[in-house]
Amino acid sequence: SNALDLIGPVYSIVDSFVGVREKTSVLFAYGLLLMRQDNLQEARLRLASGLQITHNFIGSLQLVSQYLTALGNLALALRDAGQAREILRSSLTLAKKLYDIPTQIWVLSNLTSLYQQLGEEGNEMENQEYQKRKVEDLQRRIGEACMSPHHFELIDKVKLEAHQLSELDIKRVTAGRSMNVDLDIPESVGLYTRAPMP
């Protein structure tokens, strides 16, 4: 219900958006929300629409991969095994090309469910073994990243930036100028801010 409260008002004005990035993000989030509400046919329409916009106008393989994985999961829920297999294989190929291990694991878990549905025990066991190796690889990479000196530098930098931003916000509020601050909201969201007072 919280997700619906957040995405519903944005989705209702999505056609007024100028930017395709915002539109595809809203369609993806709304499609996932519809899936959680078991409105599978409507979810399929929204996700397919978002995939088409992403493919035609943005060209982001990462986002296309996420759309395909969600649509493969949806086809699996709708018991459309042929479409699920085709979509999930495409998504896995893209995720491998992008070295996106978390998405590979998500796709592999869906493929395991597909093979269980179809009673393909050989494919299921082979897939589970591959998924296990990918999870181990991901855990190893996360461990290496967390122990890297660069990781600690980034964490310290983010903490410092968040702290500085917080102090700046407090000063703006106490100065009574918060209504005149340029919020730098993209015009594609459909909201325009007034220029700061001279």
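**Figure 1. Contacts across the whole chain in a predicted model.** Of the contacts in the protein with a separation of 6 or more, 51% join residues 24 or more positions apart. The protein holds eight helices and zero strands. Along the sequence the pattern reads α-α-α-α-α-α-α-α. Of the 198 residues, 31% are buried. The exposed surface comes to about 13,100 Å², with carbon and sulfur atoms supplying 56% of it.

**Figure 2. Close-up of helix 3, residues 40-58.** This helix has 19 residues. From first C-alpha to last it reaches 25 Å, close to the 27 Å expected at 1.5 Å a residue. Leu-40, Ala-43, Leu-47, Gly-50, Leu-51, Ile-53 and Thr-54 are buried here. Seen down the axis of helix 3, these buried residues fall within an arc of 165°, so they line one face of the helix. Their cover includes helix 2 (20-36) and helix 4 (61-77).

**Figure 3. The exposed face and the end of helix 3.** Turned away from the buried side of helix 3 is a face that carries the exposed residues Leu-45, Gln-52 and Phe-57. Gly-59 follows helix 3. The phi of Gly-59 is positive, near 75°.

**Figure 4. Close-up of helix 7, residues 121-147.** Helix 7 has 27 residues. Its span from first C-alpha to last is 39 Å, close to the 39 Å expected at 1.5 Å a residue. The buried residues in helix 7 are Glu-124, Asn-127, Gln-131, Lys-134, Asp-137 and Leu-138. Helix 6 (101-118) is among the elements that cover them.

Terms used. Residues are numbered from 1 along each chain as its sequence is written. This is a predicted model: local features need pLDDT of at least 70, side-chain atom pairs count only at pLDDT 80 or more; totals for chains, interfaces and linings use all residues. Side-chain values use heavy atoms; hydrogens and water are left out. Helices (H or I, at least four residues) and strands (E, at least two) are DSSP runs, numbered from the N terminus. The expected span of a helix is 1.5 Å times one less than its number of residues. Buried means under 20% relative accessible area, exposed over 50%, partly exposed in between (1.4 Å probe, protein chains only). Contact means heavy atoms within 4.5 Å. Accessible areas come from the Shrake-Rupley method with a 1.4 Å probe; for residues, only the protein chains shown count as cover. The arc is that of the directions from the helix axis to the C-beta atoms.
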